[in-house]
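Biologist: I have a chain open here and would like to go through it with you. Can you put it up so that we look at one thing at a time?

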Amino acid sequence: MSAESASSARREEGVARPDDRPLDKVRALQWTLYRCAKQDPERRFHALFGHILRRDVLWRAWSGVLTNRGAPGVDGVTVDAVSDSGVEDFLQDLSRRLRSGTYRPTPLRRVMIPKPGRPGEFRPLSIPAVADRVVMAAAKIVLEPIFEADFLPVSYGFRPKRSAIDACQSVRVEANRGREWVLEADIRDCFGSIGHEALMAQVARRVSDRSMLRLLRSWLKVGILPEGASGASTAGTPQGSPISPLLANIALHVLDETWQRDGHRFGVLVRYCDDFVILCPTRERAEQARELAGAVLAHLGLQLHPGKTGIVHLARGGQGFDFLGFHHQKVESWRHRGRFYLQRWPSQRAMTVMRGKIRAATDRRQVGRPVSAVVADLNPVLRGWAAYFRNGNSARKFSTIDSYVHERLAIFDNRKRGIPGRRWGKRHNGAWFARLGVVRLSGNVRAG
């Protein structure tokens with residue numbers, strides 16, 4: 001195989017090994033683990049725990065935790081507190097406790113956070129202590145390349161060089177090939193319901209290191225403290241921890257393998273962690289796909305949500321479905337009448353969430369602040385939203401959001417000036433809006 005072909009193959013596998021610059025020691029470790037796992041699909045790794053203790057691995061893990069910030073755990077220790085007290089001493093103490101076997105994870109702090117776009121609905125978030133997050137991130141650094149060697153192309157979530165947009169592109173391609181019956185699946189409380197024994201059985205297929213397995217079990221079994229109460233966990237992974245997405249992917253890899261072996265005759269699976277769709281050529285195949293997926297998930301202690309799992313028909317622009325924040329629906333081509341192609345744009349829920357953020361930023365309670373300060377807070381939100389949803393057919397939705405931002409800022413400016421009512425003043429024209437320096441979404445769409 002030529003050097004160019006080898007480099008191309010690595011890119012397709014999602015392995016980040018650049019050939020034009022030297023690897024640091026952590027990346028070199030990950031590349032070695034990946035290569036060994038890829039070369040021998042039956043290999044079980046027995047000497048992994050020691051890598052977590054390495055100073056460079058712990059520092060890389062700490063850097064990730066510091067970047068993500070996050071709330072403190074039950075011990076109240078924040079990342080800023082660790083930075084102020086000395087990171088080197090903090091990591092050395094962690095390494096010492098891990099090496100001596102005295103490390104014990106702190107119980108998780110349970111908080112309920114609102115579901116975006118669903119008023120009155122909440123989802124639980126289990127927050128580990130900062131020290132536990134660092135060890136979890138270190139374990140992820142070591143374990144991820146091993147399981148990446150096994151993961152299949154149908155899986156897109158929380159994987160190197162794969163994204164939600166890639167998943168949406170796969171959906172578009174398959175739908176345009178005639179797979180117009182879509183099973184849109186919702187796993188009921190996936191992170192909170194994965195069976196520990198089923199998950200550890202999947203981990204043990206690749207890991208025989210007892211210390212590593214014991215460490216993973218300690219995180220799965222650790223108790224949760226909701227409002228001061230404590231109870232041991234018998235199922236689920238700690239959602240909100242650095243390693244949870246990897247553990248979920250390891251468990252749900254069973255579904256991917258089953259689909260590669262048996263399910264492909266029913267339809268094409270596209271999975272983003274616990275969110276997946278199956279595109280089928282007929283309704284009968286879609287029904288069969290639902291039965292098979294349900295049976296596979298049951299072995300993991302999971303089940304499809306009966307009220308949120310359904311089958312839609314895409315033919316001739318009929319039904320559409322929401323997936324990864326986008327609404328996917330077939331639209332008639334303006335060039336070739338009678339031909340329909342799948343397009344996507346921000347879902348109604350995504351639009352509602354965005355309007356809520358704009359409304360909160362321009363609320364009357366902010367009236368004491370300068371308009372420029374409000375715009376400075378709003379711009380990163382608009383920029384991030386546009387960066388994600390620009391990949392598709394979002395022009396009309398982008399124009400709608402631009403108009404809403406214009407309206408809300410005009411009303412905000414009137415309130416600051418003591419002008420009653422919600423009507424725009426003549427001064428709030430396009431030139432006024434442009435002078436504010438607001439990020440405009442219109443014109444930012446990248447088709448596809």
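Biologist: Which residues does Arg-206 touch, not counting those up to four places away in sequence?

Modeller: Keep in mind that this is a predicted model. In it, Arg-206 touches Ala-37, Asp-40, Pro-41, Glu-42, Arg-43, Arg-44, Phe-45, Ile-146, Phe-147 and Asp-150.

Biologist: Where is Arg-206 found?

Modeller: Arg-206 sits in the loop between helix H10 (196–204) and helix H11 (210–221).

Biologist: Is Arg-206 buried or exposed?

Modeller: Arg-206 is buried, and its relative accessible area is 2%.

Biologist: What does the side chain of Arg-206 reach?

Modeller: It reaches the backbone oxygen of Arg-43, at 2.9 Å. Another residue to look at is His-46: its C-alpha atom is 8.9 Å from that of Arg-206, although 160 residues separate the two along the chain.

Biologist: OK, another loop. Where is the place of Ile-187?

Modeller: Ile-187 is in the loop between strand S3 (181–186) and helix H9 (190–193). Ile-187 is buried, with a relative accessible area of 6%.

Biologist: And which residues is Ile-187 in contact with, leaving aside neighbours within four places in sequence?

Modeller: Those are Leu-252, Asp-274, Phe-276, Leu-297, Leu-302, Gln-303 and Leu-304.

Biologist: Change of topic. How many disulfides does the structure hold?

Modeller: It holds 0 disulfides.

Biologist: What about the sulfur of Cys-273, which cysteine sulfur is closest to it?

Modeller: The one in Cys-190, at 6.4 Å, which is again too far for a bond. Cys-273 counts as buried, at 1% relative accessibility.

Biologist: Now the helices. Which residues of H4 are buried?

Modeller: In H4 they are Val-57, Leu-58, Ala-61, Trp-62 and Val-65. They cover an arc of only 135° around the axis, which puts them on the same side of H4. An α-helix has 3.6 residues a turn, so residues three or four places apart point the same way.

Biologist: What do the buried residues of H4 pack against?

Modeller: They pack against helix H2 (25–39), helix H3 (49–52), helix H5 (79–85), helix H6 (87–100) and helix H7 (130–148). On the face of H4 turned away from the buried side are the exposed residues Arg-55 and Thr-67.

Biologist: How far apart are the end C-alpha atoms of H4?

Modeller: They are 20 Å apart, which agrees with the 20 Å that its 14 residues should span at 1.5 Å a residue.

Biologist: Which residue follows H4?

Modeller: H4 is followed by Arg-69. Arg-69 has a phi near 60°, a positive value in a residue other than glycine. Most residues other than glycine have a negative phi. Arg-69 is found in the loop between H4 and H5, and is partly exposed, with a relative accessible area of 36%.

Biologist: What about Leu-324, where does that lie?

Modeller: Leu-324 lies in the loop between strand S8 (321–323) and strand S9 (326–332). Leu-324 has a positive phi of about 60° although it is not a glycine. Leu-324 is buried, with a relative accessible area of 14%.

Biologist: Back to H6. Which of its residues are buried?

Modeller: Val-87, Phe-90, Leu-91, Leu-94, Ser-95 and Leu-98 are buried in H6. Seen down the axis, they fall within an arc of 130°, so they line one face of the helix. They pack against H3, H4, H5, H7 and H11. The face of H6 turned away from them carries the exposed residues Asp-89 and Arg-99.

Biologist: Last one. How many helices and strands are there in the protein chain?

Modeller: There are 17 helices and 10 strands. The radius of gyration is 25 Å, close to the 22 Å that the globule rule gives for 448 residues, so the chain is as compact as a globular protein of that length. Of the 448 residues, 45% count as buried.

Note on methods:
Residues are numbered from 1 along each chain as its sequence is written. This is a predicted model: local features need pLDDT of at least 70, side-chain atom pairs count only at pLDDT 80 or more; totals for chains, interfaces and linings use all residues. Side-chain values use heavy atoms; hydrogens and water are left out. A disulfide is a pair of cysteine sulfur atoms within 2.5 Å. Buried means under 20% relative accessible area, exposed over 50%, partly exposed in between (1.4 Å probe, protein chains only). Helices (H or I, at least four residues) and strands (E, at least two) are DSSP runs, numbered from the N terminus. Contact means heavy atoms within 4.5 Å. A polar contact is a pair of N or O atoms within 3.5 Å; within protein, one must be able to donate a hydrogen and the other to accept it, and residues adjacent in sequence count only if both atoms are side-chain atoms. The expected span of a helix is 1.5 Å times one less than its number of residues. The arc is that of the directions from the helix axis to the C-beta atoms. The radius of gyration is taken over C-alpha atoms; the globule rule is 2.2 Å times the number of residues to the power 0.38.
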